[in-house]
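Welcome, and please open your viewer with the chains coloured separately. We will take this in two stops, selecting as we go.

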Amino acid sequence: MQAPLRRYRLLEARHSLGGVPLVSLLVGIVVVLVTAALIPRLPAAVNAFMERAFLIRGLDAVILVNVYTGIYMLPFFGGVAGLMRALVEPRENRSMEMLLSKPISRRAFLMARVGPVLLASSVVGLVMSLLTGLAVRPFVGEGSSVSVAGAIGSGLIFTALVVLLLCVLVGPLLLVRDAFQGLLIAFLVWMLPMIPTVFLLYRPDVYEGRERLRDLLVLGPNLLWFDASVPLFAAIALAVAFVGSWGALVLGTRVFERAELR
Amino acid sequence: MHAIEIDRLTRVYGPVRAVDGVSFHVEPGEIFGFMGHNGAGKTTTLRMLLGLTRPTSGSARVLGHDVVRESLEVRRQCGFLPASYALPAHMTARQFLHYVAAMFDLDTGMAEARIQSLLQLFGLEAAADRKLGGFSTGMTQKVGLAQALINEPRIVLLDEPTSGLDPLGRHELLEHLRRLSSERGVTVLFSSHILSDIETLCRRVAALHQGRLVAFGPIEALKSEHRSGNMDELYLSLARRAA
Amino acid sequence: MKARFLWLDMRATFRERKTWLAAGMLAYAALAMPVIAAKPPAHVLSALQGWFSTSDPSILFLFIWTDLAMNKSIMVLGVVLAGSLLIREKETGQLAVLLSKPVSPAAYFLARTLSACAVMGVLYIGSHLATALLVSRSLPGFRPGIFFASMTVHLFAAFFCVCFSALMAVLIQKRALAALVSLLVLSLLVGMAFIGFYNPAWSGLSAFNPLTQGISMLGHLDDPSPAHMVGPIAALLGMNAAVLALGALRARHLEV
């Protein structure tokens, strides 16, 4: 028997995505390739600085620490644009009321709109992660501090984090009436996990005597420090992100069900 | 069983009582007028009937279903045209109607048949594959009505449906609503502040003023009770008395 | 009349919640600066002094403030302030009402973009004044003259972010996609802003990057002069004018 509302979900996926994931994917591919091509062409002193600042070793690690920012950024902001389109714009242009007057629960409506966005972001993150593995492969050799599996795994960890943050954003985005207020909130949420890395760069002294905390919080470089364990971390991150995302979506649904969408 | 039954329905927003203890009922198959000035509480009442807004107190039933606990069932059997809305500019009329049909879980064949018949009914066949972004006000309103009828509803809730329509469009809409009621037994709750439309279409009305019900019953009875020659006089008399 | 329209539009933007949120974000950046720049590691200072050919230790604060705080902030604020220009008005039917007045679509586009630039300017200058006050007490060697000179040039890069986002909005006409494209292009420009300093062989190509022009005063810490400000400001004014002209041209052909 056909699953209920299957056709609606398909149509919703088709209409709610538009060109946003495609743009994210194309730019994501370009970012990975350009970074991998650009970093080796920088003067040795620049790369040596990054090695010292991020406590990493080798050109491959320098490429990866830069690519990770791209993997964190593209699927996230592609997802935010998708969520803006799926959740905030219908409120702004007054089409939400008509849609919600149909026999579809707010939960089903939310899942039908948010699900494809999360899936698209995951695909962008996955493709960028796999491409990162390929791009860094020529630089990985004997004695390297990083591995292809570690590179892909780290990309997946960032993708999992992105999906989790997007789910966390669903609630706030349902409450704002201006898509660009939502974008600003999303930017702030995106910046938060990067702050410990900023401290490593400019205030490494704050981590003195707190190495465990540094290893845990300094996202990006820490995945390079523990390259061999990254596949295990990736599995844990995916599980945590799955549970966390589910929780955030349940919370988002509650918010949506109680919201007065006037 | 009444088609719509409202019992002391109330909705409070902070210090504002948008709907204040309203009670009335609508019979199956009738075209019922719901009148009041802008901000009288008509839209909030309609929103509560569809479960889009929760009542602060009181209750309402649509076709026997409680509007809070069984809002999905209510929406399955209702069609709704909001007073103010926008259609997705990037979709064509046909795509949008398919999209709405999918929300009712209609299969493709049935959806296509209903869409074709609605496009024909509203004279939209030629424009069916054009983007909604380029539609005129009247055409947009027709698509709005078509989406409200896609599920062959037993009850249609229309909020200011004639505003923005030209005289011909208005006449066509009123004729269509009459046919829906007489031929298919559809109940129509016609909310409007255009009193002439209500007089043309409805036999019974409910009037709201500042969130409170100030009159309910057959138009002719209300007119004679308030010694009014026409709807304008009746409404003014009701509003003055309520003030 | 146009000046009044600009003023009223600016006031309306300042009443919006997103503007207050943006001000909060900039205030946070200003407050964080004394902490982040308080104890720089020697290798960072030495690298910066090498890239920017200076022995002045204030390069560290200027670099952190420009790269970490302001480049990222102007990128996102540009999109937030101008990313839905004309699209929102068109979707909600306001555009037809507004354009029924004696104002052309191009003039309306220009007025709204300039108003967004003015809001950006107020937020930008406010955050710099606050930062200067905070940092002048806590960071020894802080040079307010070079700080404000550098930021004056950078302000025009901030205007570029607004103008570019407005152009994308009017070209793409789909809000989420326009915002995403603006954000991605601007973030690429921000990411490449310093590349000419890292690798001087690329400085010629890098000069086409508006964000590079915006940070160019960092290369003249030892010999600051008005001439080093005028060149980049003129270049940025030219780029902004070109972007605005393209946007106005597109707006002229916009059908409501």
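Start by selecting chains A and C: their contact takes 35 residues from chain A and 37 residues from chain C, where two residues are in contact if their C-beta atoms, placed from the backbone, lie within 7 Å. This is a predicted model, in which local features need pLDDT of at least 70 and side-chain atom pairs count only at pLDDT 80 or more, while totals for chains, interfaces and linings use all residues. Residues are numbered from 1 along each chain as its sequence is written, and chains are lettered from A, with ligands numbered from 1, in the order in which they are written.

Now keep the side of chain A that touches chain C. The elements giving it two or more residues are helices H2 (20-38), H3 (44-53), H4 (59-92), H8 (179-191) and H9 (195-202) of chain A; helices (H or I, at least four residues) and strands (E, at least two) are DSSP runs, numbered from the N terminus. Highlight H4(A), which gives the most, with nine residues.

Next, move to chain B and select strand S9 (residues 204-209). Five of its six residues are buried, that is, with 20 or more other C-beta atoms within 10 Å of their own, C-beta atoms being placed from the backbone.

Finally, show strand S10 (residues 212-218) of chain B, antiparallel to S9(B) with six bridges. Look for B:Ala206 opposite B:Phe216, then go to the hairpin of S9(B) and S10(B), where two residues lie between the strands and B:Gln210 takes a positive phi near 50 degrees.

Definitions and conventions
A residue is buried if 20 or more other C-beta atoms lie within 10 Å of its own, exposed if 12 or fewer, and partly exposed in between; C-beta atoms are placed from the backbone. Two strands pair if DSSP finds at least two bridges between them.
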